[in-house]
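I opened my notebook to look up how the side chains of one protein model pack together. Here is the model I worked from.

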Amino acid sequence: MFYLKDNFLTKDECEHLIKFWEDYPDKKVYDFNKTLMVRLCHPTSGDKWINDLSIYIGKKCSALADHHIMCDNIEIVQWKPGTFMRPHKDTQDICSAIVYLNDDFRGGETVIRFNDPRAQELIVEPKQGRMIVFSNGKDTGYYHWVNKIKDSNRYTLSLWFIAPK
């Protein structure tokens with residue numbers, strides 16, 4: 001499964017999420033990739049709009065996945081110049097959603113390798129407000145990665161979905 005929707009969020013909504021990241025009162029966390037993130041684990045981030053947004057995206061992802069799923073993790077991530085992500089699958093998840101919050105940087109494309117005999121790859125250019133949803137689980141998921149960010153910061157809203165427990 002792969003889905004792309006331009007203008008999923010408006011410029012103002014994207015800027016609200018970046019401002020939320022900047023003003024977040026709790027500790028920001030570095031992941032293994034040296035990206036700096038605000039982890040907004042469920043059930044609440046403290047921001048009703050973000051909570052409602054995650055529910056809305058979850059409903060869209062459930063329809064695309066064709067069965068009920070739940071959001072396992074949601075993060076606003078700052079990718080600094082020089083950061084990237086190697087090819088991987090998130091084996092515990094059914095699908096992921098990524099919303100690009102800005103596009104005033106170079107690099108940082110998301111690459112998806114489909115599970116077909118030719119291993120076709122799709123390069124998704126970051127565009128403010130664009131959302132992509134894709135399968136990323138162990139069996140049917142796609143390998144995916146992020147190309148190196150060349151200059152300026154890249155911000156994304158990332159959500160991971162699992163089967164209900």
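My entries below go from cysteines to aromatic rings.

**Ground rules.** I am reading a predicted model, in which local features need pLDDT of at least 70 and side-chain atom pairs count only at pLDDT 80 or more, while totals for chains, interfaces and linings use all residues. Residues are numbered from 1 along each chain as its sequence is written, and side-chain values use heavy atoms, with hydrogens and water left out.

**Cysteines.** I looked for disulfides (a pair of cysteine sulfur atoms within 2.5 Å) and found zero. For cysteine 71, the nearest cysteine sulfur is that of cysteine 61, 8.5 Å away. The sulfur of cysteine 95 has its closest cysteine sulfur in cysteine 61 at 4.3 Å, which is too far for a bond. Cysteine 95 is buried, at 0% relative accessible area (buried means under 20%, exposed over 50%, partly exposed in between, with a 1.4 Å probe and protein chains only).

**Aromatic rings.** I counted four aromatic pairs, taking rings of Phe, Tyr and Trp (its six-membered ring) with centres within 6.5 Å, where planes under 30 degrees apart are stacked, over 60 edge-to-face and the rest tilted. Phenylalanine 2 and phenylalanine 114 have ring centres 6.0 Å apart and planes at 90°, so I noted them as edge-to-face. Phenylalanine 114 also pairs with tyrosine 142, with centres 4.9 Å apart and planes at 75°, so this pair is edge-to-face.
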